Amino acid sequence: MEHEHVREADPAVATALADEVDRQRNTLSMIASENHASRAVVDAQGSVLTNKYAEGYPGERYYAGCGPADAVEELAIERAKELWGADHVNVQPHSGSQANMAVYLATLDPGDRILSLELEHGGHLSHGHPANFAGQLFEVEQYRVDPETGYLDYEGLADIADEFDPDAIVSGFSAYPRTVDWERIDAVADAVDAYHVADIAHITGLVAAGVHPSPVGIADFVTGSTHKTIRAGRGGMIMCGEEHADAVDNAVFPGVQGGPLMHNVAGKAVGFGEALEDSFTEYAEQVVANARALGETLADAGLTLVSGGTDTHLVLVDLRDSHPDLSGGDAEAALESAGIVLNGNTVPGETRSPFDPSGIRAGTAALTTRGFDEAAIREVGDLIVRVLDAPTDEAVLAAVSERVDELCAAHPLYE
Ligand SMILES: *Cc1c(COP(=O)(O)O)cnc(C)c1O
């Protein structure tokens with residue numbers, strides 16, 4: 001990771017890139033939406049395909065010279081079909097949010113109705129938050145998790161759907177630690193004649209590996225990102241049945257995007273290829289085992305986990321019981337100063353602000369990529385607890401930071 005050409009041409013940017021490599025190497029990345037892509041994926045995304053215009057789709061481009069671009073996109077599509085068992089895949093969305101935007105464009109008219117999970121209960125901005133285009137173009141109603149159990153309130157969802165009569169129900173979440181019952185949500189969508197859009201952004205890798213049930217073949221549309229639990233570099237994707245293939249392709253291009261980021265499509269092809277190897281299933285199983293171990297360690301130390309635990313790659317901690325004076329933002333800052341990088345997060349029944357919420361969210365996808373097993377993750381959990389218990393104690397922060405350095409050295413990255 002020398003970036004020697006950048007170093008020659010632009011030392012200031014090269015220094016920032018080198019700092020980022022060091023930061024990833026020397027801190028524990030526990031942001032649940034992040035991972036470490038392989039050098040092969042990073043190389044593909046940093047390739048000269050960044051120069052190429054390839055508006056259109058393989059075999060039907062609006063530009064000459066698209067032979068290699070076609071080859072790359074066809075590989076990405078073929079591998080995605082194999083990974084997720086989808087009839088049709090569009091690998092061009094620049095991100096998960098663009099994937100959702102394209103699906104809305106393919107299915108809805110302005111003023112139509114979207115029913116989605118409330119943001120502070122684990123939803124996503126692109127599911128209809130007022131600050132997002134989806135909240136501005138569509139009429140949005142929201143369902144929730146059960147405040148007692150932290151599990152999705154499927155009955156509440158059905159009741160709201162009956163009353164609201166949505167045109168689309170969005171499932172799939174950003175901060176929900178439990179297995180989603182896609183069939184149950186799909187039955188609600190069917191009953192009110194709404195499209196079901198399952199946004200598996202966080203769990204694309206877990207679904208591909210079969211460690212979380214798949215909505216492919218159940219929901220009408222499945223959207224995802226390619227850089228979270230699957231390590232295919234930054235980007236988005238859409239899967240659907242053949243009956244929606246043309247609508248989706250036209251909505252992505254020319255609907256919401258121009259030329260695809262072919263360098264990122266190349267990264268997707270490489271990352272999907274890696275995920276087809278047997279070792280990826282082991283990886284995904286370890287991600288979930290690690291998240292369970294992390295959750296147990298935190299719960300044993302007296303922290304409150306939303307839903308009491310996890311079935312996925314993330315845990316969501318509600319700090320209000322155990323650390324009533326510590327906000328999620330302050331916890332995030334204290335942990336970062338000790339080399340543990342995660343994010344403050346809203347929790348169901350949030351009583352602080354989204355900018356400084358009451359919880360923290362931690363994921364295990366990136367640490368598992370570095371080879372952390374349950375024992376190592378339990379130690380990380382202990383370190384987190386030490387910081388939360390003494391967030392301003394310089395001696396504690398220094399001791400934790402030193403141990404973080406040792407753990408990073410023992411789990412090298414990008415050698
Ligand atoms: C991360 C995420 C997305 C995609 O976000 P981008 O940053 O646009 O790639 C979409 N939906 C959910 C539920 C997410 O968690």
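**Exercise 1. Asp146**

Leaving aside neighbours within four places in sequence, which residues is Asp146 in contact with?

*Solution.* The structure is a predicted model: local features need pLDDT of at least 70, side-chain atom pairs count only at pLDDT 80 or more, and totals for chains, interfaces and linings use all residues. Residues are numbered from 1 along each chain as its sequence is written, and side-chain values use heavy atoms, with hydrogens and water left out.

Step 1. Apply the contact rule: heavy atoms within 4.5 Å. Asp146 then touches Tyr151, Leu152 and Asp153.

Step 2. Asp146 sits in the loop between β6 (139-143) and α7 (154-164). Helices (H or I, at least four residues) and strands (E, at least two) are DSSP runs, numbered from the N terminus.

Step 3. Classify its accessibility. Buried means under 20% relative accessible area, exposed over 50%, and partly exposed in between (1.4 Å probe, protein chains only). Asp146 has 26%, so it counts as partly exposed.

Step 4. Look along the chain. Asp146 and Gly349 are 203 residues apart in sequence, yet their C-alpha atoms are 9.9 Å apart in space.

**Exercise 2. Lys228**

*Solution.* Step 1. Read the record.

Step 1. Locate it. Lys228 is in the loop between β9 (221-225) and β10 (236-240).

Step 2. Check burial. Its relative accessibility is 11%, so Lys228 counts as buried.

Step 3. List contacts. Beyond neighbours within four places in sequence, Lys228 meets Ser33, Glu34, Asn35, Ala201, His202 and Ala365.

**Exercise 3. Two helix pairs**

Describe the packing of α5 with α10 and of α4 with α11.

*Solution.* Step 1. Two packed helices are described by the angle between their axes and the distance between the axes. Axes are lines fitted to C-alpha atoms, for helices over the stretch in contact, and angles run from 0 to 180 degrees between N-to-C directions.

Step 1. Take α5 (residues 96-107) and α10 (residues 245-256). They pack at about 115°, with axes 8 Å apart. α5 is therefore roughly perpendicular to α10. Angles under 35 degrees count as roughly parallel, over 145 as roughly antiparallel, 65 to 115 as roughly perpendicular and the rest as oblique.

Step 2. Sort this contact. From α5 come Gln98, Met101, Ala102, Leu105 and Ala106; from α10 come Ala247, Val248, Ala251, Val252, Gly255 and Val256. The contact residues divide into nine nonpolar, two polar and no charged. Here Ala, Val, Leu, Ile, Met, Phe, Trp, Tyr, Cys and Pro count as nonpolar, Asp, Glu, Lys and Arg as charged, and the others, Gly among them, as polar.

Step 3. Take α4 (residues 67-84) and α11 (residues 262-275). The angle is about 40°, and the axes are 8 Å apart. That makes α4 oblique to α11. The contact residues of this pair divide into 14 nonpolar, one polar and two charged.

**Exercise 4. Backbone exceptions**

Which two residues does a cis peptide bond join?

*Solution.* Step 1. Most residues other than glycine have a negative phi, and most peptide bonds are trans.

Step 1. Find the cis bond. It joins Phe253 and Pro254, with omega about 5°. Pro254 lies in α10.

Step 2. Check phi. His3 is not a glycine, but its phi is positive, about 50°. Ser307 has a positive phi near 75°.
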